[in-house]
Amino acid sequence: MKKKYYIETFGCQMNVHDSEKMAGIMKADGMSETLNPEDADILIFNTCSIREKAEQKFFSSLGRLRHLKKSNPALKIAVTGCIAQQEGAKILKRTPYVDYVIGPQNIHVLKDLDSIQIHSVACNDNPLIAATDYPVDRKDGIKAWVTIMYGCDNYCSYCVVPYTRGREISRPREKIIEEVEKLAQDGFKEITFLGQNVNSYKSDLDFPGLLNKANGIPGIERIRFVTSHPKDLSKELICSIRDLEKVCEHIHLPLQSGSSRILRLMNRKYSYEEYLDKILGLRDAVPGISITTDIIAGFPGESAEDHEATVNAIKEISFDGMFAFKYSHRPGTYASGFEDHLGDKIKSDRLYEIIDIQNQITENRNRSLYGSTQQILIESFVEAREGRQYQGRTRTNKIVNCTQSTPPAVAFIIGDLADVNITNTARHSLAGIIK
Ligand code: 5AD
Ligand code: SF4
């Protein structure tokens, strides 16, 4: 009987994609996936440590499933991802029922489970990671993530990523292009280049050069990328978004704070004015581009004026969407040593104020698309009494729910591109009729 694995994933797209790689590695070893932890021979927790809350979520999930070892003593538990890398052997002390601790650069050890020693820790630096081709078990058949670089060298003062994912290293471009060509042959339509700091990609090509190569691959219709750092947003990249027809008009560009003083303390390497300049450049070159961001509320020492500067920045820039977080103390980071940490109440108040303001802005920006025509890539559909209901995303990454005009000329299928007339807008999605 084939051995079965169950994977629970926490955190960002990088982790979701790492889980696809781990699944690929174990499938290549003759195992199969189960969605029921009770049927599994191994439970894998692919963890995130970006904020305290993500860590707590993992530990409570682990606590909830540990009893399965009682009914199945052969069951193995592996902790992978950022908590594994950060905590290493400490996890085995805290939760001795864990069998393996495997950092993000060591997932290759899963290729032969029987050879891994119980209670072992695999968290070494792996300089070969960028040159390694991992088998990937993708769940989606239309949209694919493609890693173009690993790690982060930026050391933003609040962030654990440089400690959990190691030094920045780019994959050779031949490997990336080969992977995208294969995806195109397999029927994928959209690729998202992944990197902690995706626009600092460097091989024999820079990031705009890589986009240019990918743009020439037949069959791929859309190219996206996350996450960009403002300091590496070059004029050339803006021109690539403007000129390359497959590169979508959306950029996720974390601002973090609207106060240049706080940005300095965060070690972000740009001022608010420099950030704004880049936004103006983007909007000038690519009218209608959608810009989303991340904001941290209540960084240590953030004064009422600093917070006000963030509020003003959010209003001035008018983002299409935003992820906002309360500052979370991360042991080992530079900012954890700062003295003036704020209390939870003030952090929450600032967070909710920011979210409220942005919600209104998001709604207004979506409303401005009323009556426009948007191209969507169809990702799913359901049969309803009134006909097929489709869901897809615009090139600007907004969700659209739509139907066909009656009677439909041809039914669309998943992976088709369709032009939609937008007839309704809300905060989280648009609605319309396929033309
Ligand atoms: N506290 C709160 N938010 C954080 N982020 C990263 N580290 C922290 C932290 N210590 C946020 C940043 C980043 C996003 C992925 O997570 O906004 O862009
Ligand atoms: Fe963390 Fe900054 Fe690197 Fe992003 S760029 S992963 S916030 S250190």
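This is a predicted model: local features need pLDDT of at least 70, side-chain atom pairs count only at pLDDT 80 or more; totals for chains, interfaces and linings use all residues.
Colleague: Which atoms of Gln 256 and Ser 328 lie by ligand 1?
Modeller: For Gln 256, a polar side-chain atom lies 2.7 Å from an oxygen atom of the ligand. For Ser 328, a backbone N or O atom lies 2.8 Å from a nitrogen atom of ligand 1. The protein covers 86% of the 410 Å² of accessible area that ligand 1 has on its own; such areas come from the Shrake-Rupley method with a 1.4 Å probe, and for residues only the protein chains shown count as cover.

Colleague: How do you know which residues are around ligand 2?
Modeller: A residue is near a molecule or strand if one of its heavy atoms lies within 4 Å of it. Those around ligand 2 include Cys 152, Cys 156, Cys 159, His 229 and Arg 268. By class, that shell has seven nonpolar, three polar and one charged residues.

Colleague: Why is His 250 called buried?
Modeller: Buried means under 20% relative accessible area, exposed over 50%, and partly exposed in between, with a 1.4 Å probe and protein chains only. His 250 has 13% relative accessibility, so it counts as buried. His 250 is placed in strand 12 (residues 250–252). Its side chain is joined to that of Thr 292 by a polar contact of 2.9 Å.

Colleague: Why is Asn 267 called partly exposed?
Modeller: Its relative accessibility is 30%, so Asn 267 falls in that class. Asn 267 sits in the loop between helix 10 (260–265) and helix 11 (272–285). Leaving out residues up to four places away in sequence, Asn 267 touches Asn 154, Tyr 155, Cys 156 and Ser 157; contact means heavy atoms within 4.5 Å.

Colleague: What makes helix 8 mostly covered?
Modeller: Seven of the nine residues of helix 8 (residues 207–215) are buried, among them Phe 207, Leu 210 and Leu 211. The cover includes helix 7 (173–185) and strand 10 (190–194). At the start of helix 8, a side-chain oxygen of Asp 206 reaches to within 3.0 Å of the backbone nitrogen of Gly 209.

Colleague: How many helices and strands does the chain have, and why is it called as compact as a globular protein of its length?
Modeller: There are 13 helices and 19 strands; helices (H or I, at least four residues) and strands (E, at least two) are DSSP runs, numbered from the N terminus. The radius of gyration is 23 Å, close to the 22 Å that the globule rule gives for 435 residues, so the chain is as compact as a globular protein of that length. That radius is taken over C-alpha atoms, and the rule is 2.2 Å times the number of residues to the power 0.38. Of the 435 residues, 54% count as buried.

Technical notes
Residues are numbered from 1 along each chain as its sequence is written. Chains are lettered from A and ligands numbered from 1 in the order in which they are written. Side-chain values use heavy atoms; hydrogens and water are left out. A polar contact is a pair of N or O atoms within 3.5 Å; within protein, one must be able to donate a hydrogen and the other to accept it, and residues adjacent in sequence count only if both atoms are side-chain atoms. Ala, Val, Leu, Ile, Met, Phe, Trp, Tyr, Cys and Pro count as nonpolar, Asp, Glu, Lys and Arg as charged, and the others, Gly among them, as polar.
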